[in-house]
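Thanks for coming, everyone. Let me put the structure up, and then we will walk through a few places in it.

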Amino acid sequence: MSTTAIQIGSTFEGMPLRLKLKRIERRQKFKALILVLPLLLFILVAFVLPIGRMLFNAIHDDTLLTLAPHTMTALRGWDGKDLPGEAVYAALAGDLKKSWAQKTAASIGKRINYELPGSLSEVISSARKASVLPAGPYKEALIKISPLWGRHDVWSLLKRGTSAYTGYYLLRSVDYEYGPDSQIVASPPENRIFRDVFLRTLGISIGVTAITLLLGFPVAYLLATLPRKSSNLLMILVVLPFWTSVLIRTTAWVVLLQQHGVVNDTLMALHVISQPAELIYNRIGTIVAMTHIQLPITLLPIYSVMRTISPSYVRAARSLGAGPFYAFWKVYWPLTLPGIAAGCLMTFILCLGYYITPALVGGPADQMISSFVAHYTNEELNWGMASALGAILLTVTLLLYYSFSKLVGVDRVKMG
Amino acid sequence: MAASVYTSPLEKGWYYLHRLLCGAVLLFLIAPILVVVPLSFNSVPFFTYPMAGLSLRWYEEFFLTDRWQGALHNSIFVAVCVTVLSTVLGTLAALGLSRPSFPWRTAVMSVLISPIIVPVVITAVGVYFFYADVGLLNTFAALILAHTTLATPFVIITVTATLAGFDHSLTRAAAGLGAPPVTAFFKVTLPLILPGMISGALFAFLTSFDEVVVALFVASPEQRTLPRVMFSGIREEISPTIIAAATVLILFSIAVLITVELLRRRSERLRGIRDL
């Protein structure tokens, strides 16, 4: 309609129609925007901003800059070769004195302790002793108080603190850290845990996704090919667990799989096993419970795609001489691929962020990346580490979500 | 596809194998719920069959102790606030998004849907830091706001789905007959999208009611919700009261699901779509 209007180019109420049309279109755009704006603002403030702040936490740490300002200023001039001069030590003594008076010594100690484990108590006791230190010379006095201050790597660490931005947390998340001269080195073996955690998270997610596909595909096929009446009835068996809370389903698995639970007792009553099997608090429990929870999420998109595939395609292939398996593989299977991609990607994305289920039914060796994020936030209060691990998890998730939306479309996210 | 007369024995075998496998998978899906629910009526605190005897003592504990009732009240309070907030915000947004003139639709939609994609732990940590900054940590407001972000995508999705089949000529007809936009909305649009809105609201309610991770991070014992009490109960020593609570929640979910299904049918009938 708009094109004809433009072609005619007539005037209406003294204004070119084209202009008027544009104005109306703009007003409508504005109206639509106004409707979306409240939620958009809400999501931006209450969701995007907090997550952005968390990401910022992963690279930003001004603990030393705010708690030991004089040392940091003095250190800017240090060339990083030998130990710094008396002026820097004097600044450090002043900062330590102040930190003792303001009870911030523990925070400084904690920050140094992240990178040099075991130095927390040294820093606190240094601050206590420094608070009664007579006036200069400070260099010898401080080194005498604690050998920490005579170590070159400690000063490299402090020098890195002169910038509010640090790569430490992100490096540590991939098992690297700063060496004695601020060069990047692999973490010592006892600290190398995160690569394993990421690989484990990936491994469990891939495993669960594969199992759900293996189990879900035949069921989706059955549901899609049965007449509506009977398939709707069977659908309840899929949708009811889907809408039962994850927590309840995990609870059910705890009850079923525990040492004197239903499964073990049944197996023992049937004399399949002579003593209770370890089914929970290990990998088996995690995989079984996660598969149960994710199965509908893989199954439903496959089912809805299969519904649209006309059975005449396979029949045509058969009548042209293809065997049943050849016809399935060459005709039916490729048509289901969009559903498979949607279901598997969704399951995989959700698996990566799993927290509740591994926490309740998994052993210490089954904890996934999410539980480390929670651990650093709630127990160690190392927010930098929590943010760095979270940032990596989020990046992977968003990349997958992006490919999901390109491949499948955001609008296709469905709930059964 | 039923087994036809002309199938070979191999195909027949495959057909029955497929049925058998599907039966097993469907059993795997439903069994945990069917097996666990009766155990909440067990008279002894064990999780084995055969049960020693029937008793309602765990339900009594659930319905009569302060610990559980307090949590239930908190959960309902939070979920109701979340439902109201997310339904209003989500419906407005869905109305805007479904207008053909809306610019950057996909991008905005992605942002609005993202809370269900981002791992819950990350959301929880993010809001935890944020609420610590603004002094909202350990308040009901924090819990309600965080749950609302998680619940709105469900409202948007259901209302957008209802609007997908919406005939815009109806509102135009109303306008043509002289109805101002507000009247047209309340008399024409709203009744038609109401089923979608109610389903969205119910999904939002369930989302908040079931949510545990955010509740673990931003709420203090003062704001403990039902899932939180269940979570710590499972971690320490699992008692049949937890199963009783779970059973009540399952019944609730079933009621919600049935309502949603009925609403969906009504909405399709209203719009004249009948899927076969």
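Start with residues 327-356 of chain A. That span is 90% helix and 0% strand, and its end C-alpha atoms lie 42 Å apart. Helices here are DSSP runs of H or I with at least four residues, strands are E runs of at least two, and both are numbered from the N terminus.

Some ground rules. This is a predicted model, where local features need pLDDT of at least 70, side-chain atom pairs count only at pLDDT 80 or more, and totals for chains, interfaces and linings use all residues. Residues are numbered from 1 along each chain as its sequence is written, chains are lettered from A and ligands numbered from 1 in the order written, and side-chain values use heavy atoms, leaving out hydrogens and water.

Now the record. UniProt, in an unreviewed entry, lists "transmembrane region" for chain A at several spans, including 327-356 and 383-404. Such annotations may be inferred rather than shown by experiment. Residues 383-404 of chain A are 100% helix and 0% strand, with end C-alpha atoms 30 Å apart.

Next, Thr201(A). It sits in helix α11, residues 194-225 of chain A. Is Thr201(A) buried or exposed? Buried, at a relative accessible area of 3%. Buried means under 20%, exposed over 50%, partly exposed in between, with a 1.4 Å probe and protein chains only. The Thr201(A) side chain reaches the backbone oxygen of Val197(A) at 2.7 Å. Beyond four places in sequence, Thr201(A) touches Leu352(A), Met368(A) and Ile369(A). Contact means heavy atoms within 4.5 Å.

Two loops deserve a look. Most residues other than glycine have a negative phi. Tyr281(A) is not a glycine, yet its phi is positive, about 60°. Tyr281(A) lies between α14 (262-269) and α15 (283-307) of chain A, and is partly exposed at 47%. Leu381(A), also not a glycine, has a positive phi of about 55°. Its loop joins α19 (369-378) and α20 (383-407) of chain A, and Leu381(A) is partly exposed at 43%.

Last, the cores. A nonpolar core is a set of buried Ala, Val, Leu, Ile, Met, Phe, Trp, Tyr and Cys residues joined through side-chain atoms within 4.5 Å. Which residues touch the most other members of the largest one? Leu389(A), Leu112(B) and Met230(B), out of 167 residues. Apart from that core lies another, of 26 residues, among them Tyr89(A) and Leu96(A).

Definitions and conventions. A polar contact is a pair of N or O atoms within 3.5 Å; within protein, one must be able to donate a hydrogen and the other to accept it, and residues adjacent in sequence count only if both atoms are side-chain atoms.
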